[in-house]
Amino acid sequence: MSTDGLLARLGSALVGSWRYRRPPHAFVLTEERLVHVASPREARAGGGLAVRSRDLPPGTFLAAPGGARVAGPGLAQAVAALLPPNERLAAASLAVPDAFVKAAPVDVEPGVEKNSKELAEVLRWKVGRLWGEPAPALRIGWCRAGQGAGGAPRYLVVSAAEEAVASCEAAFGAHGIRIGALEPASLALSALAAKALPASGFLVFADGTTVSTVWLEGGAPRFLRTRAASSDPDEALQEFRLAATFVVGADGEGPGPDLAADVIVVPEASELAGRLRDFRRENGGKEPVSLLASLAGRGLPVRPGDTAPLVGLGLLEGAE
């Protein structure tokens, strides 16, 4: 894990555990809202959670070089509107839309991983090419993700424009809140998915503007692929099938990983989820695994299509 403070979930995967403490406050930034998911003092013993949200004012996001977006004054206004009236927040976790980051599997020459400084420089240079030339200053995080061709060490690397991350941190810092863990929404959800999956499996997350596929193995993310969302659920299904074949492979015998592997689709009421369920039923595949029990178990409302409470719960669960 880099020392940049981005993507704590990936860094924890290096030691094979998500058991590190986080504050009991999580904020979920979407394209249209800021959502606060928290465990109030009086409810923590019983596991109850509180959810509040505010619409973002127009012009909250500003365009930045390299396709990134920077948070403007509107985000700080939304933070102020969500602050608990009788509780001072010193720290919180934050999930951002998957479109704010770029992820890629990166292979390095054997031996590079033995020098952490050299590894950071190589990964930063390679992932920088995703942002065009010249690449902006980046905040990156990574975890080991198996082996590439010829046994080369492979890493899952996630990057975000430094300006975009810093602008989000500043919006909270203006109210005395330090952002400790910052993650794309799909990786925040992966904490819940890892607990719900019997073993390894996929999380497919459709947030309206993007569709992300996460491969989880041994409780840790090993692959993340994000693409622009398609209005055609069959095209979105095909994207998942391509991602599944890429990360797991297919030996030509028996069902492929798109049918045989366990999978969670969020939101469960989406057209993509329905099409994937039909596809697996028609071809003898497994039924998708549900996360709705995670919401009910923590007293969160179940609203079709509203993924923010689940994402916030994922941020909080990463601390337990």
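This is a predicted model: local features need pLDDT of at least 70, side-chain atom pairs count only at pLDDT 80 or more; totals for chains, interfaces and linings use all residues.
Residues are numbered from 1 along each chain as its sequence is written, and side-chain values use heavy atoms, with hydrogens and water left out. The chain holds 10 helices and 14 strands, where helices (H or I, at least four residues) and strands (E, at least two) are DSSP runs numbered from the N terminus. Of its 320 residues, 51% are buried, a term for under 20% relative accessible area with a 1.4 Å probe and protein chains only.

**Contacts along the chain**

- Contact means heavy atoms within 4.5 Å, and among contacts between residues at least 6 apart in sequence, 63% join residues at least 24 apart.
- In helix 2 (residues 73-82), the buried residues are Gly74, Leu75, Ala76, Ala78, Val79 and Leu82, and they pack against strand 1 (25-29), strand 2 (33-38), strand 3 (50-55), strand 5 (69-71) and helix 4 (162-173).

**Aromatic rings and charges**

- The whole structure has 5 aromatic pairs, counted where ring centres of Phe, Tyr and Trp (its six-membered ring) lie within 6.5 Å, with planes under 30 degrees apart called stacked, over 60 edge-to-face and the rest tilted.
- One of these pairs is Phe61 with Phe100, an edge-to-face arrangement with 5.5 Å from centre to centre and 85° between the planes.
- This pair links distant parts of the chain, 39 residues apart, with Phe61 in strand 4 (residues 61-63) and Phe100 in the loop between strand 6 (91-96) and strand 7 (101-107); both residues are buried.
- Arg69 lies over the face of Phe61, at 5.1 Å from the ring centre, where a charge sits over a ring if NZ of Lys or CZ of Arg is within 6 Å of the ring centre and within 35 degrees of the ring normal.
- Over the ring of Trp125 sits the charged end of Arg129, 4.6 Å from the ring's centre.
- Elsewhere, Phe202, Trp215 and Phe240 are linked by ring pairs into a cluster.

**Helix 6 and helix 8**

- Helix 6 (residues 233-248) packs with helix 8 (residues 271-282) at an angle of about 65°, their axes 9 Å apart; axes are lines fitted to C-alpha atoms over the stretch in contact, and angles run from 0 to 180 degrees between N-to-C directions.
- Pro233, Asp234, Ala236, Leu237, Phe240 and Arg241 of helix 6 meet Glu271, Leu272, Arg275, Leu276 and Phe279 of helix 8.

**Two buried residues**

- Thr60 lies in the loop between strand 3 and strand 4 and counts as buried because its relative accessibility is 3%.
- Leaving aside residues up to four places away in sequence, Thr60 touches Val70, Ala71, Gly72, Gly74 and Leu75.

**Cis peptide bonds**

- Glu133 and Pro134 are joined by a cis peptide bond with omega of about -5°, and Pro134 is in the loop between helix 3 (116-128) and strand 8 (138-147).
- The peptide bond from Val266 to Pro267 is cis, with omega near 0°, and Pro267 lies in the loop between strand 14 (262-266) and helix 8.

Notes: Buried means under 20% relative accessible area, exposed over 50%, partly exposed in between (1.4 Å probe, protein chains only).
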